[in-house]
Amino acid sequence: MKQVSTVRGKAIPLDRVNVDTDQIIPAKHLKRIERTGYGPFAFESWRQDADFVVNNPAYAGAKIMLTRDNFGSGSSREHAVWALEGLGIEALVGVSFADIFRNNSFQGGLLTIELPEADIDYLMARAEELPTSEVVVDLESQTVRTADGSWERHFDIDAYKKYRLEHGLDDISMTLEYGDDISAFEGQRSELKPITTDE
Amino acid sequence: MSEAKTIAEKIWEQHVVDSSGQDEDRRAALAEDGGSDDESTEQADLLYIDLHLVHEVTSPQAFEGLRLAGRKVRRPDLTLATVDHNVPTSDRDKQNPDPLSAKQIEVMQQNAKEFGVPLFDIFDIRQGVVHIIGPEQGSTQPGMTIVCGDSHTSTHGAFGALAFGIGTSEVEHVLATQTLRQARPKTMSVEVTGELGLGVTAKDVILAIINKIGVNGGIGHVIEYRGEAIRKLSMEERMTICNMSIEGGARAGLVAPDETTFDYMKGRPHAPKGEEWDAALEYWKSLPTDEGATFDQEVVLDGAAIQPFVTWGTNPAQSVMVDGKVPDPEDVPLEQREGIERALTYMDLTANTPIIEIEIDRVFIGSCTNGRIEDLRAAATVAKGNHVASTVSAMVVPGSGLVKKQAEEEGLDVIFTKAGFDWRDAGCSMCLAMNPDILIPGERCASTSNRNFEGRQGPGGRTHLVSPAMAAAAAIAGHFVDVREVMV
């Protein structure tokens with residue numbers, strides 16, 4: 001896992017609810033066997049519209065995306081996270097995120113920060129008015145603030161997840177430390193549970 | 001302690017390998033924070049996984065991760081792979097027209113071989129949509145934890161299993177450790193009371209549920225579907241309901257096992273046999289939600305009031321009953337108006353158009369939602385003796401090779417082909433259009449699949465979600481019709 005601390009940059013206001021992962025990365029681009037190279041296809045169909053916010057050169061280089069309710073709904077494709085990372089996005093600040101997408105983002109070190117709707121309204125309006133203004137997402141202090149320091153909000157994050165992100169810990173290595181517990185569990189596990197190989 | 005529990009809580013607790021409270025790193029993290037963050041602290045447990053289903057699209061990077069780290073698959077005997085998402089549904093003996101898909105299928109074959117994972121390969125009669133083959137083989141059983149790199153894993157909840165979709169990094173984690181660290185879900189009861197009317201199917205019930213709770217209504221929750229109308233459903237119908245739990249935002253959906261479940265399972269290849277069957281049955285009967293158990297949320301629907309549903313928009317909650325009309329943005333509160341206008345523009349629909357006046361170009365019958373034998377029988381009943389409208393192109397894609405075989409034994413393939421439907425090989429097909437089965441821009445499709453998102457069945461394509469009988473009726477009429485009026 002990637003180590004994460006502070007993300008500072010311009011914020012793209014994607015002012016739509018229920019953005020599904022088919023929009024973030026269409027299925028036809030899931031045929032590759034690599035983890036990288038999905039950025040050019042992110043929001044492919046919406047980007048055909050010249051006025052789509054991601055096309056706006058004023059937001060070039062943005063590291064933060066502002067989102068609405070239920071962002072990342074639908075398909076479990078982690079390619080959606082890889083596509084956003086390919087766009088240069090390091091943190092999403094929104095009203096709510098779909099469960100699987102949130103888990104996938106965590107795995108990729110892409111922050112998904114939830115704030116109340118009124119705060120997202122404020123940040124969206126500000127980003128639309130001042131596209132080059134920067135926002136800071138500070139994991140250590142658990143705050144989202146405007147770079148000029150005029151506005152600041154606290155966000156919640158599971159302490160354990162925060163710790164793993166701050167230290168860039170590899171999930172699998174951490175779980176493998178519980179190898180004895182897993183073996184013990186397997187030892188007492190019911191023999192009635194099916195196996196997939198031929199008996 | 002005889003605390004009343006829901007089935008979801010029981011299954012969860014039976015699979016906890018490690019409770020995060022005991023975790024050293026976690027304690028360190030909490031200490032570092034001065035324990036200040038209790039409110040947002042999730043209960044993340046290390047959960048044992050009984051069955052891991054794998055397919056070609058979300059697994060290559062996971063196997064590559066194992067290879068790079070020098071890791072093995074911990075339990076190949078609890079893992080089952082197939083190829084379904086991008087396999088062609090015709091001319092399989094010929095060269096795959098898409099080199100990228102061909103490569104991905106080949107990589108799945110190589111990974112299965114290298115890591116010792118059983119694979120239902122492309123010419124195996126048992127090949128099919130990953131959520132159809134598990135139940136078919138009896139590999140899906142009550143009380144199990146089941147995961148797959150696919151959001152429709154919730155399908156397996158129909159058996160009273162806790163089944164949910166995961167991403168590729170988590171696929172790698174399960175391959176390496178047979179566990180996942182997951183936050184405890186909340187619970188939600190969705191009760192459907194009464195009796196369903198004639199011509200009203202499980203698909204209509206789940207579309208009605210999603211219409212009511214919204215596409216985000218289930219976030220963070222496991223839904224338990226309950227009530228008289230659910231109890232009366234067959235296993236395949238319950239699978240249709242649980243399948244679309246994710247479309248209501250839920251992490252999983254399930255139905256407590258009962259005699260219907262046990263009857264369906266008996267005699268399947270991986271179902272327990274003899275004395276083991278009796279012992280398993282005793283365990284399965286301990287699973288249903290205890291009387292007095294409470295849910296974090298409860299929703300009730302009147303089953304008798306549900307009619308055949310048709311989606312008009314670009315998410316599965318944007319739906320209306322077949323006797324209804326396309327909504328008018330003027331009739332809704334200002335904050336919802338833009339979303340509806342966007343959807344209507346994409347769908348090229350005019351407000352207040354009666355649903356039955358919407359003309360279609362394509363019909364897709366299949367998918368993990370509606371690709372099982374009962375679905376094909378329902379569609380064939382409507383198709384029999386009729387013909388697909390001259391303006392429509394329609395295809396039937398069985399959910400698995402075994403479903404296809406069964407349908408052919410029943411003569412359904414003949415009914416479909418005589419009626420002008422294409423009869424195909426098993427796969428995900430036009431549910432997500434990763435193979436050659438794809439809408440061309442502007443085409444309108446009546447589909448038995450699960451998602452009507454923009455471009456889901458091909459860029460610029462327009463999807464209306466319906467039941468198999470409604471899809472077949474639309475194919476014949478060339479526009480939506482109330483299937484109850486054509487049923488005899």
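Two residues are in contact if their C-beta atoms, placed from the backbone, lie within 7 Å. By this rule, 77 residues of chain B are in contact with 51 residues of chain A. The model is a predicted one, in which local features need pLDDT of at least 70 and side-chain atom pairs count only at pLDDT 80 or more, while totals for chains, interfaces and linings use all residues. Residues are numbered from 1 along each chain as its sequence is written, and chains are lettered from A and ligands numbered from 1 in the order in which they are written.

On the side of chain B that touches chain A, the largest share, seven residues, comes from helix H6 (residues 168–177) of chain B. Helices here are DSSP runs of H or I with at least four residues, strands are runs of E with at least two, and both are numbered from the N terminus. That side of chain B divides into 29 nonpolar, 29 polar and 19 charged residues. Ala, Val, Leu, Ile, Met, Phe, Trp, Tyr, Cys and Pro count as nonpolar, Asp, Glu, Lys and Arg as charged, and the others, Gly among them, as polar.

Chain A has seven helices and seven strands. Its C-alpha trace spans about 65 × 40 × 25 Å along the principal axes. Of the 199 residues in chain A, 46% are buried, that is, 20 or more other C-beta atoms lie within 10 Å of their own, with C-beta atoms placed from the backbone.

Chain B contains an open sheet of three strands in the order S1-S2-S8, with antiparallel pairing. Two strands pair if DSSP finds at least two bridges between them. Strand S1 (16–19) and strand S8 (179–183) of chain B stand at the edges with a single partner strand each, so one side of each has no neighbour in the sheet. S1(B) and strand S2 (residues 44–48) of chain B pair over three bridges; Val16(B) has Leu47(B) as its bridge partner in S2(B).

Another open sheet of chain B has five strands in the order S5-S4-S3-S6-S7, with parallel pairing. Strand S6 (residues 145–148) of chain B and S7(B) pair over four bridges, and Val147(B) stands opposite Phe164(B) in S7(B).

What remains is the nonpolar core, a set of buried Ala, Val, Leu, Ile, Met, Phe, Trp, Tyr and Cys residues joined through C-beta atoms within 7 Å. The largest one has 192 residues, and those with the most contacts inside it are Ile64(A), Leu66(A), Val363(B), Ala379(B) and Ala475(B).

Methods
Buried ≥ 20, exposed ≤ 12 C-beta atoms within 10 Å, placed from the backbone.
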